[in-house]
Amino acid sequence: MLLAIDCGNTNTVFSIWDGAQFRATWRIATDHKRTADEYFVWFSSLLMLTKTEAHITEAIISSTVPRVVFNLRVLCNRYFDCRPIVVGKPECALPVAPRVDQGTTVGPDRLVNTVAGFDRHGGNLIVVDFGTATTFDVVDVDGAYIGGVIAPGVNLSLEALHMAAAALPHIDIARPHSAIGTNTVACMQAGVYWGYIGLVEGIVRQIRAERENPMMVIATGGLAPLFQQGTELFHSVEDDLTMHGLVLIHRHNKELETA
Ligand SMILES: Nc1ncnc2c1ncn2[C@@H]1O[C@H](COP(=O)(O)OP(=O)(O)O)[C@@H](O)[C@H]1O
Ligand SMILES: CC(C)(COP(=O)(O)O)[C@@H](O)C(=O)NCCC(=O)O
Ligand SMILES: [K+]
């Protein structure tokens, strides 16, 4: 079975793919200091507690945090006796190469989202990923990643308000009933929630204006469902998008290996 690991700046998600479906998906806070042994204690406890049958023989990793890759590699070598494929490394092939400035490094999560989005919807697609940062990945007609947008993430924006202003508390994002807040928390939530809806709609409008073909928009990431409630923009919200992309990229590399 395949272990697919998607490491974002906030959370790291582990999924077990049995060849037909995901058997389990578990999330752990991203911490570059976590060792391979610590990962394994956490992972094997969850296997036992949930009575999940899994025999991991292969692994693929996407990480937006370069420093965690070392320990994740050790985890795969030591405990699953396999060498993981790491997205973004030269040895990991993609179905279609990205078309971006020479020398630039595209976040591996964005490459994975592109592959998954193209597989499900074809090209002329915008993938919006609400993670630590909110990213917009533009997928060309042939499935190539051709660039996009990086905006400050929702929680980052709230955190910035709290950090910079003495009277503004730390709060969680929620959808406020109205734009006019009648207390501090409601004012902050309105600023970030409706501000964000405006950001997403505005950026998509701008991207569409720069493209010749109609562009479908799909969304993923922890906070996507919350924002779907405030806009008609998204064709769909797909929380398994990145994991789907990892499975596809793994399959693509295995096919090349045996070809
Ligand atoms: N279901 C959820 N409800 C509320 N906040 C969430 C949820 N899932 C994730 N978040 C928050 O959204 C932000 C982005 O999460 P995530 O998609 O895991 O980011 P990343 O991929 O960058 O690690 C984080 O601050 C996280 O705490
Ligand atoms: C933009 C990101 C920080 C998003 O990461 P995430 O929110 O998933 O943790 C990540 O994709 C990244 O580090 N990208 C490198 C620069 C680029 O994609 O152009
Ligand atoms: K992201």
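**Pockets and ligands**

Modeller: The second largest pocket is lined by 20 residues, with Val87, Gly88, Lys89, Thr105 and Val106 lying nearest its centre. A pocket is an open set of 1 Å grid points, over the protein atoms alone, with protein on both sides within 12 Å along at least five of seven lines; lining residues have an atom within 4 Å of a point. This is a predicted model: local features need pLDDT of at least 70, side-chain atom pairs count only at pLDDT 80 or more, and totals for linings use all residues. Residues are numbered from 1 along each chain, ligands from 1 in the order written, and side-chain values use heavy atoms, without hydrogens and water.

Biologist: What volume does the second largest pocket have?

Modeller: A volume is the space filled by probe spheres set on the grid points. Here it is about 420 Å³. The lining has 13 nonpolar, five polar and two charged residues. In this scheme Asp, Glu, Lys and Arg are charged, Gly counts as polar, and Ala, Val, Leu, Ile, Met, Phe, Trp, Tyr, Cys and Pro are nonpolar.

Biologist: Where does the largest pocket lie?

Modeller: Check which domains supply its lining. Domain 1 (2-86) and domain 2 (108-242) both do, so the largest pocket lies between them. Those bounds come from an automatic or database assignment. The largest pocket has a volume of about 920 Å³. Its 38 lining residues include Gly8, Asp129, Phe130, Gly131 and Thr132, the closest to its centre. By class, the lining splits into 11 nonpolar, 20 polar and seven charged.

Biologist: Which element gives the most to that lining?

Modeller: Strands are DSSP E runs of at least two residues. β8 leads, with four residues in the lining of the largest pocket.

Biologist: Which residues are around ligand 1?

Modeller: A residue is near if one of its heavy atoms lies within 4 Å. Around ligand 1, these include Gly8, Asn9, Thr10, Arg27 and Phe130. Next, look for polar contacts, pairs of N or O atoms within 3.5 Å. A ligand 1 oxygen is 2.9 Å from a polar backbone atom of Thr10. Arg27 puts a polar side-chain atom 3.4 Å from an oxygen of ligand 1. Alone, ligand 1 exposes 560 Å², and the protein buries 63% of that. Such areas use the Shrake-Rupley method with a 1.4 Å probe.

Biologist: How many residues surround ligand 2?

Modeller: There are 13, and the closest are Asn9, Gly107, Asp109, Arg110 and Ala133. The side chain of Asp109 has an N or O atom 2.8 Å from a ligand 2 oxygen. Taken alone, ligand 2 exposes 470 Å², of which the protein buries 76%.

Notes: 1 Å grid on protein atoms, 1.4 Å probe; cavity = no way out; pocket = protein on both sides within 12 Å on 5 of 7 lines; lining within 4 Å. Polar contact = N/O pair within 3.5 Å; in protein donor to acceptor, adjacent residues only side chain to side chain.
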